[in-house]
Amino acid sequence: MELTGWVKNYEWGKIGINSAVAQLAMANDPDFNLNEEETYAEMWMGTHICGVSIVKETGETLDRVLKEDLPYLFKVLSINKALSIQVHPNKCEAERLHAERPELYKDPNHKPELAIALTPFLALVGFLPTEDIRDNIDEFQPLTKLIGKEAVDEIHEKPNAESLKLCYERLMKADDADVDKCIKEISKHYQKELKENELLDVFNKTSKEFPGDVGVLSIFFMNLVRLQPGQAIYLGANEIHAYLEGECIECMACSDNVIRAGLTPKFKDVDQLLESVIFEGAPAHRKIFVPYRIDDTMQVYSPPVNDFAVIHISIKHSTDTYKLRLEPFGSILLTLAGVRRLHLKTKDGPKEIILTRGSIVYIPIEAAPEIEFQPGEDCGDDFTAYIATFNYFKKA
Ligand SMILES: [Zn+2]
């Protein structure tokens, strides 16, 4: 089944044709109406109630046709302006939060997520090693003032999870006027130090996008991670993060639960974030999630959860037919480049679908154990696609 994704116009998205989301939506659907003033932030592929994919042939929603929900939600993100500092609750917390405040926490599911960069990608991921946070607080004196002597003494005496928690709590609960003053002082007197720490660009970006927002100061507490295309990060339950800039493929458990605490005009649930977040410092290189290679064509990003895995395939345009082995689970394929003729089995018999940039295809369980990518009209480009599926690789 060929699908159309659901486009979300959040205000942090890239604008008009500059957005990969808009480009893919136009390539997918010739009738897509591009507005050059509009932001195109996300494209959702899956059965989540807030953005169900449509089956092209019949116009039905994918969940109606499947008569069940997929365990994962597959997305493309195109980020211009930073997304909020956030964590995602674990399953247990998600059930409780959804029961208590359904208007804020929309479903009872956990939301581990994986982001794979499509373009150079910038994100804040997890806390820095506590010693580095201590050094930042010392170097940027307005932070020392904001956090207060007690917490600063504590992180000097014992740079551990507890003192990190105390300092971060003092930061997040500081008075708005004091936060604003702290940001202004750093901006005025610490340009040289920001530059030396490679924080100047991100400080200027976040403080311009969110003036006076406490999230700006999170850059002194969190790892700044720069991903190249194909590199990935995995965010397990309650790992603090914020995406700042770039484009990525994202896959997650089928949920929209976000606990926000900064860099956002939306509701900040600071108390819940402080209760949930894991206070563990670790260096940035530990945050890169490495896929494993099956063969020259195929790589798998297999996170430590059952809900989803992502397969990346890159077929050289000179390659003849490529056969991909699949287990019997419903999968969604998104084509990024090149042309191939996809041959697969369906419950109505064998089928051929021409794949070009923007094609989204639901691969049914009947297609297992093998689908074929036959050469298409040669456009000179290698064929590149991502496939989201249930994480049957985890058993291996
Ligand atoms: Zn997230």
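Guide: Start on the outside of helix H8. The face turned away from its buried side carries the exposed residues Ala177, Lys188 and His189. Burial here is a neighbour count: a residue is buried if 20 or more other C-beta atoms lie within 10 Å of its own, exposed if 12 or fewer, and partly exposed in between, with C-beta atoms placed from the backbone. Helices (H or I, at least four residues) and strands (E, at least two) are DSSP runs, numbered from the N terminus.

Two ground rules apply throughout. Residues are numbered from 1 along each chain as its sequence is written. The model is predicted, so local features need pLDDT of at least 70 and side-chain atom pairs count only at pLDDT 80 or more, while totals for chains, interfaces and linings use all residues.

Now the length of H8. The helix covers residues 176–189, which is 14 residues. From first C-alpha to last it reaches 20 Å, close to the 20 Å expected at 1.5 Å a residue. That expected span is 1.5 Å times one less than the number of residues in the helix.

The buried residues of H8 are Val179, Cys182, Ile183 and Ile186. Seen down the axis of H8, they fall within an arc of 95 degrees, so they line one face of the helix. The arc is that of the directions from the helix axis to the C-beta atoms. What does this face pack against? The buried residues of H8 pack against helix H5 (141–147) and helix H10 (200–209). Contact means that the C-beta atoms of two residues, placed from the backbone, lie within 7 Å.

H5 leads on to another helix. H5 is among the elements that cover the buried residues of H4. The others named are strand E10 (121–127), H6 and helix H7 (161–172). H4 runs over residues 130–139, and its buried residues are Thr130, Ile133, Arg134 and Ile137. Viewed down the axis of H4, these residues fall within an arc of 100 degrees, so they line one face of the helix.

Ile155 lies in H6, residues 149–157. Ile155 counts as buried because it has 23 C-beta neighbours inside 10 Å. Leaving out residues up to four places away in sequence, Ile155 touches Thr130, Ile133, Arg134, Ile137, Ser163, Leu164 and Cys167.

Step back to the domains. The protein is divided into domain 1 (2–125 + 226–261), domain 2 (129–219) and domain 3 (292–395). These bounds come from an automatic or database domain assignment. The centres of domain 1 and domain 2, taken over C-alpha atoms, are separated by 30 Å. Their contact takes 7 residues from domain 1 and 8 residues from domain 2. On the domain 1 side, 6 are nonpolar, none is polar and 1 is charged. Ala, Val, Leu, Ile, Met, Phe, Trp, Tyr, Cys and Pro count as nonpolar, Asp, Glu, Lys and Arg as charged, and the others, Gly among them, as polar.

Finish at a site named in the record. For "binding site", an unreviewed UniProt entry lists Gln86, His88, Glu113 and His241. They span 156 residues in sequence, yet no two of their C-alpha atoms are more than 12.1 Å apart, so they gather at one spot. UniProt positions are given in the numbering used here, feature names are shortened, and annotations may be inferred rather than shown by experiment.

Take two of these residues. His88 sits in the loop between strand E8 (85–87) and helix H3 (91–100). With 25 C-beta neighbours inside 10 Å, His88 is buried. Its contacts beyond four places in sequence include Glu113 and Leu235. His241 is placed in strand E13. His241 is buried too, with 22 other C-beta atoms within 10 Å. Beyond four places in sequence, His241 is in contact with Gln86, Ala123, Leu124, Val125 and Leu235.
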